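Trainee: Hi! Could you walk me through this structure?
Mentor: Happy to. Let's look at it together.

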Amino acid sequence: MRTRRRNPVVVSIFAAITTAGALAFPGATPSAWAATTPDFGPNVKIFDPKTPVTDINAFLQKISAEPEFSTNRQAVYFKPGVYGNAAGQNDPATATGIVNSEVGYYTSIAGLGTSPTSVTINGALHSEPRQNADGSSDGLTNFYRSLANLSINPIQRPVGADAERAKPEGVAPAHTMRWATSQASSLRRVDIQGNLDLNGAYGATLFGTTMADSRISGTVNSGGDAGPGQAQYYVRDSQIGSWRGGSANLVFSGVKGAPASDFTGRGITTLPTTPTSRPAPFLTVNGDSYAVFVPKARTNVSGVNWATDSTAGTSIPISRFHIAKPGTDTAATINKALASGKHLILTPGIYRLNGPITVTRADTVVMGMGYATLAPTGGQAAIEVSDVKGVVISSLLVDASPGTDVLVKIGTGTANNIGDATNPTTLSDLFVRIGGAQAGSSKISLQVNQSKVILDDNWLWRADHGTGVGWTSNTSDTGLVVNGTDVTALGLFVEHHQKNQVIWNGERGRTVFYQSEFPYDPPNQAAWMDGTKEGYASYKVASGVTTHAATGTAIYTLFLDSTFAGAPVHAWTSIEAPQRASVRFTAMTNAVIAFGGGIRNIVGTTGAAVDATQPNQVVPGFTASARLAAHPR
């Protein structure tokens, strides 16, 4: 089993280049309202302000120890109110009675209020790096955990085994909480009443995620000033006090308080607004009445907007949802409920379905809890959406089985103009993996055939470690294929597929932030050729496209297998696109993380090569009519 990015040599070299650039209520009495609480199954925990903090911490710390490929899933919710004691906020070493736990794999934690300020946590819900034998730290596999819709007054102390270390990672200064994670670990509608450390107590190597609709009153530290840190990060529609740190690719859109663009120095690209976005849906409770709030789409916005009135979105009563449970529901029962007019909540667990979830009704909401995982059997797709508008899919993990053509398909492909900019189909926190947890293969992870779709924080990963991993085992051609027009990707992570990572066939596509790694494991150059070209471009815009825009791209190589075989491979380019003035790329990074081989060009046949001797390239902007300048960093 290959361990992803844990090789200390890899971590060291990468650090060097990025420096340059059952429903329970413990302690409460639920009898007064249990009859109206939905049955969310055994893997959803709902806390009440009367719950003793010791019970909250014991539960959270218990579930924080799941391994990376665990089959357990957990969702934790806090009803409106205040939790924990704020008395130690100026000196965490003296704090008592705080809510304090690390957040582990496959755990989502959220408040149930209509605003993040409805739930206040005095303490810390944090994620810490791992300490390696060579003294370094990293969180390169700190995936699959999330926080949403709550306020935190940060008071953090080390917990568990970490507290026994001579140098515990969980120690934090006053008014600071740490969230040292990599992909698939979003922060949404989070109000941090102090500082947020995305790095680590001693500096760690991490690989970035997405923060949206959040407010950080203090400083956000991404590291990277004088050592490792977050290689990249995407922040949108938020407000921060300040940002400390540099990186290969930090992208801000619509963020009040964001640093100015400084791409060739700190790796920062800042857009004043986000062109279009639609916040993810979230669960709320008012008294004993549960509902799901579905925000409306917004255009050219900046800053936070936590409104939940009719102008901001729609509140859908829980009675209009089919609440699915793993091991009980089948594809047939789920699709029958959807066809009858129900929306869908998938409670935590793994759904081994013998067919896809099929959405045939406009405005349907499909929402997962606790990284609910669709693992279709027999090469079946996981989700198929018909030619209908306004579908919202959120907070799901998809695992391929062997022989899948397309795992998630949005639109049939016969009516690509279906779509509505004011009510766009939106995919938020949708994560797909090929191999790793189980044997699997696919041709395409996600195919978008509708127009005006928003892709919001999607990680499409061909696994490089875990079960069923190998060049001829977890085969996958492409992560994302976009055929629809006017599709926008906000925070797009696509890695290790064996041909193009992304193919964009639709007109007027836009990407804000893109992170990609080429496959680690081509055995030799002959096995990885696009016709007569060496390897495949990561991001490909079809030759017939006349208008496209992407900003903030970071594309990396780490060609392990071919290097060990003595003949490291190359990719002929990172980005393949037609040379037209209306096809525009801005703020691009190429990098060789470690080992041999590299990338010959940046866009098409233009731009300097990157290899072990020239490991990082930064390009401020590119149009066909403009001269491309590559600036080593």
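Mentor: The largest nonpolar core has 66 residues, and Leu346, Leu374 and Leu480 touch the most other members. A nonpolar core is a set of buried Ala, Val, Leu, Ile, Met, Phe, Trp, Tyr and Cys residues joined through side-chain atoms within 4.5 Å. Buried means under 20% relative accessible area, exposed over 50%, and partly exposed in between, using a 1.4 Å probe and protein chains only.

Mentor: Keep in mind that this is a predicted model: local features need pLDDT of at least 70, side-chain atom pairs count only at pLDDT 80 or more, and totals for chains, interfaces and linings use all residues. Residues are numbered from 1 along each chain as its sequence is written, and side-chain values use heavy atoms, leaving out hydrogens and water.

Trainee: Okay, which residues does Leu480 touch?
Mentor: Leaving aside residues up to four places away in sequence, Leu480 touches Leu446, Val448, Leu455, Leu460, Leu492, Gln501, Val502, Ile503 and Trp504. Contact here means heavy atoms within 4.5 Å.

Trainee: New topic: how much space lies in the largest pocket?
Mentor: About 550 Å³. On a 1 Å grid over the protein atoms alone, a pocket is an open set of points where a 1.4 Å probe fits, with protein on both sides within 12 Å along at least five of seven lines; lining residues have an atom within 4 Å of a point. Grid points are joined across faces, edges and corners, and the volume is the space filled by probe spheres set on the points.

Trainee: And which residues lie nearest its centre?
Mentor: Of the 24 lining residues of the largest pocket, those are Ser64, Glu102, Glu128, Asn142 and Arg145. The lining divides into 7 nonpolar, 7 polar and 10 charged residues. Asp, Glu, Lys and Arg count as charged, Ala, Val, Leu, Ile, Met, Phe, Trp, Tyr, Cys and Pro as nonpolar, and the others, Gly among them, as polar.

Trainee: Now the loops. Where is Asp213 found?
Mentor: Asp213 sits in the loop between strand E13 (210-212) and strand E14 (215-223). Strands are DSSP runs of at least two residues, numbered from the N terminus. Asp213 has a positive phi of about 55 degrees although it is not a glycine.

Trainee: Is Asp213 buried or exposed?
Mentor: Asp213 is buried, at 3% relative accessible area.

Notes:
Helices (H or I, at least four residues) and strands (E, at least two) are DSSP runs, numbered from the N terminus.
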